[in-house]
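Please take a moment to look at the sequence and the structure shown here, and keep both in view while you read.

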Amino acid sequence: MNKNQVHGAIKDLAGKVQEEAGKLVGNKVQEAKGLQKQVAGKAEVHLGDAKEVVKDAREIVKAGASK
């Protein structure tokens, strides 16, 4: 797990909390900001996932080259 995955998951969770708080008090702006945070968080998680795939592929190539 890399920092993008962690930060993204935290943003996603914070966005869910913010969205629900906005719903609770009837504040559409806070709901929208919460949804925006969730999207940004999920995008960052996917970026982290992609980085992990590249890192794993690089390690496989290195292992194959050293044989």
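This is a predicted model: local features need pLDDT of at least 70, side-chain atom pairs count only at pLDDT 80 or more; totals for chains, interfaces and linings use all residues.

At its start, a side-chain oxygen of Asn 2 reaches to within 3.1 Å of the backbone nitrogen of Asn 4. At the other end, α1 is followed by Gly 26, a residue whose phi is positive, near 75 degrees.

Helix α2 covers residues 28-65, and with its 38 residues it reaches 56 Å from first to last C-alpha, which is close to the 56 Å expected at 1.5 Å a residue. Here, too, a side chain can be found at the start of the helix, where a side-chain oxygen of Asn 27 reaches to within 3.0 Å of the backbone nitrogen of Val 29.

How do α1 and α2 pack, at what angle and how far apart are their axes? The angle is about 165 degrees, and the axes are 7 Å apart. Angles over 145 degrees count as roughly antiparallel, and α1 and α2 are therefore roughly antiparallel to each other. Their crossing is left-handed.

We can now turn to the residues that are buried. In α1 these are Asn 4, Gln 5, Gly 8, Asp 12, Gly 15, Gln 18, Glu 19 and Gly 22, and they pack against α2. In α2 the buried residues are Glu 31, Gly 34, Gln 38, Gly 41, Glu 44, Gly 48 and Glu 52, and what covers them includes α1.

Buried means under 20% relative accessible area, so at 11% relative accessibility Gln 5 counts as buried. A polar atom of its side chain lies 2.8 Å from the backbone nitrogen of Asn 2, and, if residues up to four places away in sequence are not counted, Gln 5 touches Glu 44, Val 45, Gly 48, Asp 49 and Glu 52.

Gly 15 also lies in helix α1, and this glycine is buried, with a relative accessible area of 0%. Leaving aside its neighbours within four places in sequence, Gly 15 is in contact with Gly 34, Lys 37 and Gln 38. If you follow the chain from Gly 15 to Lys 37, the two residues are 22 residues apart in sequence, yet their C-alpha atoms are 4.7 Å apart in space.

Glu 31 has its place in helix α2 and is buried, with a relative accessible area of 14%. Without counting residues up to four places away in sequence, Glu 31 touches Glu 19, Gly 22 and Lys 23.

Even so, Met 1 is in contact with Val 6 and Glu 52, leaving aside its neighbours within four places in sequence. Met 1 and Glu 52 are 51 residues apart in sequence, while from C-alpha to C-alpha they are 7.6 Å apart in space.

Note on methods: Residues are numbered from 1 along each chain as its sequence is written. Side-chain values use heavy atoms; hydrogens and water are left out. Buried means under 20% relative accessible area, exposed over 50%, partly exposed in between (1.4 Å probe, protein chains only). Helices (H or I, at least four residues) and strands (E, at least two) are DSSP runs, numbered from the N terminus. Contact means heavy atoms within 4.5 Å. A polar contact is a pair of N or O atoms within 3.5 Å; within protein, one must be able to donate a hydrogen and the other to accept it, and residues adjacent in sequence count only if both atoms are side-chain atoms. Axes are lines fitted to C-alpha atoms, for helices over the stretch in contact, and angles run from 0 to 180 degrees between N-to-C directions. Angles under 35 degrees count as roughly parallel, over 145 as roughly antiparallel, 65 to 115 as roughly perpendicular and the rest as oblique. A crossing is left-handed if the near helix is turned anticlockwise from the far one by less than a right angle, and right-handed if clockwise. The expected span of a helix is 1.5 Å times one less than its number of residues.
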